[in-house]
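Below is a short report on selected local features.

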Protein chains: 2
Amino acid sequence: MKNKFAERARLVKSSETREILKVTERPEVISFAGGLPAPELFPVENLKIACNAVLDEEGAASLQYGTTEGYIPLREAISHRMKGIGINSTIENVLITSGSQQAIDLTGRLFINEGDTIICESPTYLAAINAFKSYDAKFVEVVMDDDGMVIEELEKKLNNHPDTKFIYTIPDFQNPTGRTLKLERRKRMIELANQYDVLIVEDNPYEAVRFAGEELPPVKHFDTENRVIYISTFSKIFTPGLRLGWICADESFIEKYVAFKQTADLHTDSLAQRITAKYMEIYDMEEHIKKIKAVYKTKCTDMMRSIEEFFPKNLSYSKPEGGLFIWVELPEGIDSAHIFTECLKNNVACVPGTPFFPNGTQKNTLRLNYSNMSNEKIIEG
Amino acid sequence: MKNKFAERARLVKSSETREILKVTERPEVISFAGGLPAPELFPVENLKIACNAVLDEEGAASLQYGTTEGYIPLREAISHRMKGIGINSTIENVLITSGSQQAIDLTGRLFINEGDTIICESPTYLAAINAFKSYDAKFVEVVMDDDGMVIEELEKKLNNHPDTKFIYTIPDFQNPTGRTLKLERRKRMIELANQYDVLIVEDNPYEAVRFAGEELPPVKHFDTENRVIYISTFSKIFTPGLRLGWICADESFIEKYVAFKQTADLHTDSLAQRITAKYMEIYDMEEHIKKIKAVYKTKCTDMMRSIEEFFPKNLSYSKPEGGLFIWVELPEGIDSAHIFTECLKNNVACVPGTPFFPNGTQKNTLRLNYSNMSNEKIIEG
């Protein structure tokens with residue numbers, strides 16, 4: 001048989017990081033490698049109550065085909081949540097997706113022509129890199145400091161790349177660095193997007209999980225021309241297994257997203273949508289999120305304290321105010337792949353930072369996750 | 001703002017049929033328009049028991065991120081089911097997808113280059129047409145008779161279109177016609193695929209729902225060179241709302257599918273997968289399917305009897321041995337869109353056949369669905 005794959009098949013490969021994660025799944029390993037939320041925080045019992053209520057009250061309707069746009073009460077709950085963080089929206093602006101990964105993928109599908117430029121933080125989220133690369137995008141990376149993307153650098157890149165389709169940003173407790181984009185930079189990013197006529201894709205899965213510092217409005221809050229596409233998820237505030245994310249954007253965009261989602265999977269799991277909506281009806285999601293924040297705060301504190309105590313002094317690391325990750329920069333010349341191998345010999349796992357640079361060969365960085373291990377194990381590790 | 005959409009955005013639009021379905025959702029309408037399974041057959045109570053067992057026994061693990069390939073016990077159950085219908089496979093050949101629609105879409109993504117030819121039955125499944133069109137495929141239609149795709153015509157088309165990437169076929173109780181590909185044609189289709197070096201995409205969602213006639217092995221049963229990609233779903237035998245489908249294919253294909261699925265949505269809903277696996281562990285799925293067949297048989301019989309009794313004699317219709325649909329061919333010159341409008345005035349809905357022809361303008365056909373209305377309403381309608 002001759003090779004049958006489409007040309008785009010060469011653009012994807014199974015993520016290296018996922019392969020690493022397989023190695024680190026052995027039970028004796030203390031893993032700071034994954035990005036898994038803490039399972040002890042999943043509200044299993046209350047979710048069960050919500051699920052039984054859905055099946056008792058709505059019966060077969062909760063198991064039938066649904067609309068592509070999503071279950072209306074869930075879209076209403078999300079629209080309400082969006083208002084709470086400073087984004088005006090109606091349900092017409094909200095599309096339910098099968099996890100925020102689908103939102104990212106559909107964004108690539110809807111907007112990226114072969115060779116289009118995407119401007120992103122350096123480093124950035126690996127699965128977004130892979131999704132956008134599968135549409136043959138080019139990446140232009142903008143250097144970060146402790147306050148997120150350096151905005152003067154962003155302006156230079158916009159100037160040098162008139163074929164830019166959108167800026168991809170994770171403003172809050174970014175994956176992988178844990179860094180947050182400061183307020184003035186958010187405003188300035190919108191001004192630049194307007195000036196250079198580019199879109200902004202704001203991927204904000206960790207927004208609700210702030211455990212220190214002052215709350216900041218999302219970039220979309222400052223959006224004056226409906227050019228920000230806001231993406232988020234229930235994975236970090238409820239459970240990731242149900243695969244529920246959403247897009248909040250201008251109606252003219254949502255309409256096209258719906259057409260693509262229809263070809264992609266018709267609609268998102270009806271039962272998962274109704275369980276989540278029912279949970280938010282019966283219980284106070286914001287109270288649940290408070291618990292998550294309290295736990296992550298102690299985990300993050302313990303990890304920072306351990307870094308301070310046990311790590312060599314000639315490295316720097318981010319001090320996140322929320323989210324799941326700390327980013328470690330080692331002295332130049334040190335290869336984090338080597339560190340990974342050495343750590344694993346002692347049954348401790350982390351993720352080398354290299355794959356998070358879309359074009360990159362920067363080898364002296366590590367991502368540490370603190371959400372998925374007990375505090376004792378964090379200190380021991 | 002300048003237009004930001006990618007060029008491929010012009011290739012998709014929200015399905016016309018879905019728009020029709022919206023019109024027909026008024027409660028007073030007797031609808032033969034949709035393709036919805038009978039909700040009274042969803043095993044709501046047993047599914048609830050399975051769901052509670054999953055949450056009690058597996059707890060947080062059932063709500064955590066999972067692997068892209070899918071939940072192993074579910075892949076095992078599917079692999080077992082595949083063996084039962086004559087397809088040798090291991091779990092390495094099985095990928096869980098978010099409904100069979102995702103399997104269809106990923107197939108387009110993995111195999112179709114711009115302008116590639118797909119050979120399909122004329123007419124064929126609308127959502128597959130839309131998915132493949134979104135990858136800029138060209139369609140070559142092969143005429144059908146009561147025994148499915150006319151195989152001599154298939155050979156001619158293969159001969160005339162050396163750029164054919166795959167044959168897309170729905171061999172059992174096809175959507176929209178309800179027709180079944182006869183045994184000799186299945187064998188011959190494999191021979192031709194081998195001879196012309198093309199793939200076969202066998203979309204077989206209705207396979208298990210045969211209520212009359214003799215069981216036939218799937219096309220993949222005769223596959224000698226691992227060139228058949230078999231796609232199916234739990235939508236017609238369990239519930240569609242959970243969005244669970246699968247691909248059964250050669251490992252070298254599955255590996256690439258996994259990479260694309262990873263960028264598309266990471267993985268399919270963990271809870272839905274575990275509920276379905278648990279249901280199949282506790283209950284006898286084959287017994288449940290027997291109930292579905294018995295009910296659809298009476299619905300189909302009632303509809304055929306009503307067509308015989310009330311319809312004009314100058315039309316022909318298919319006599320399905322399973323599945324959900326009857327196909328009506330009106331005399332030439334009659335526009336089924338007109339019939340649709342007239343029926344709707346009397347609160348009866350059906351789907352005009354035109355959109356099921358990928359290139360087509362054939363206007364004198366109708367699709368009637370009998371699975372989603374009570375027997376009384378079928379006769380009244």
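Does A:Asp197 count as buried or exposed, and at what relative accessibility? The model is predicted. A:Asp197 has a relative accessibility of 18%. The cut-off for buried is under 20%, so A:Asp197 counts as buried. The residue lies in the loop between helix 7 and strand 7 (199–203) of chain A.

**Backbone details**

B:Asn347 also has a positive phi, near 60°, and is not glycine. Its place is the loop between helix 11 (336–345) and strand 12 (348–349) of chain B. B:Asn347 is partly exposed, with a relative accessible area of 26%.

Cis peptide bonds come next. In chain A, the bond from A:Ser122 to A:Pro123 is cis, with omega near 5°. A:Pro123 sits in the loop between strand 3 (117–122) and helix 5 (126–133) of chain A. In chain B, a cis peptide bond joins B:Ser122 and B:Pro123, with omega about 5°. B:Pro123 is found in the loop between strand 3 (117–122) and helix 5 (126–133) of chain B.

**Salt bridges**

Side chains of opposite charge can pair when their charged atoms come close.

| Salt bridge | N to O distance |
|---|---|
| A:Glu155 with A:Arg188 | 3.2 Å |
| B:Glu191 with B:Arg188 | 2.8 Å |
| B:Arg227 with B:Glu225 | 2.8 Å |

Take the chain A pair. A:Glu155 forms a salt bridge with A:Arg188. A:Glu155 lies in helix 6 (residues 151–160) and A:Arg188 in helix 7 (residues 183–196) of chain A, so the pair ties together parts that are 33 residues apart in sequence. Both partners have some accessible surface. A:Glu155 is partly exposed at 26% relative accessible area. A:Arg188 is partly exposed at 27%.

B:Glu191 is partly exposed, at 43% relative accessibility. B:Arg188 is partly exposed too, with a relative accessible area of 26%.

The remaining pair in the table joins the side chains of B:Arg227 and B:Glu225. B:Arg227 is buried, with a relative accessible area of 2%. B:Glu225 is partly exposed, at 37%.

**A buried loop serine**

A:Ser89 belongs to the loop between helix 3 (72–84) and strand 2 (94–97) of chain A. What does A:Ser89 touch, leaving out residues up to four places away in sequence? Its contacts are A:Ser79, A:Met82, A:Lys83 and A:Cys248. A:Ser89 has a relative accessible area of 5% and is buried.

Terms used: Residues are numbered from 1 along each chain as its sequence is written. Chains are lettered from A and ligands numbered from 1 in the order in which they are written. This is a predicted model: local features need pLDDT of at least 70, side-chain atom pairs count only at pLDDT 80 or more; totals for chains, interfaces and linings use all residues. Side-chain values use heavy atoms; hydrogens and water are left out. Helices (H or I, at least four residues) and strands (E, at least two) are DSSP runs, numbered from the N terminus. Buried means under 20% relative accessible area, exposed over 50%, partly exposed in between (1.4 Å probe, protein chains only). Contact means heavy atoms within 4.5 Å. A salt bridge is a side-chain nitrogen of Lys or Arg within 4 Å of a carboxyl oxygen of Asp or Glu.
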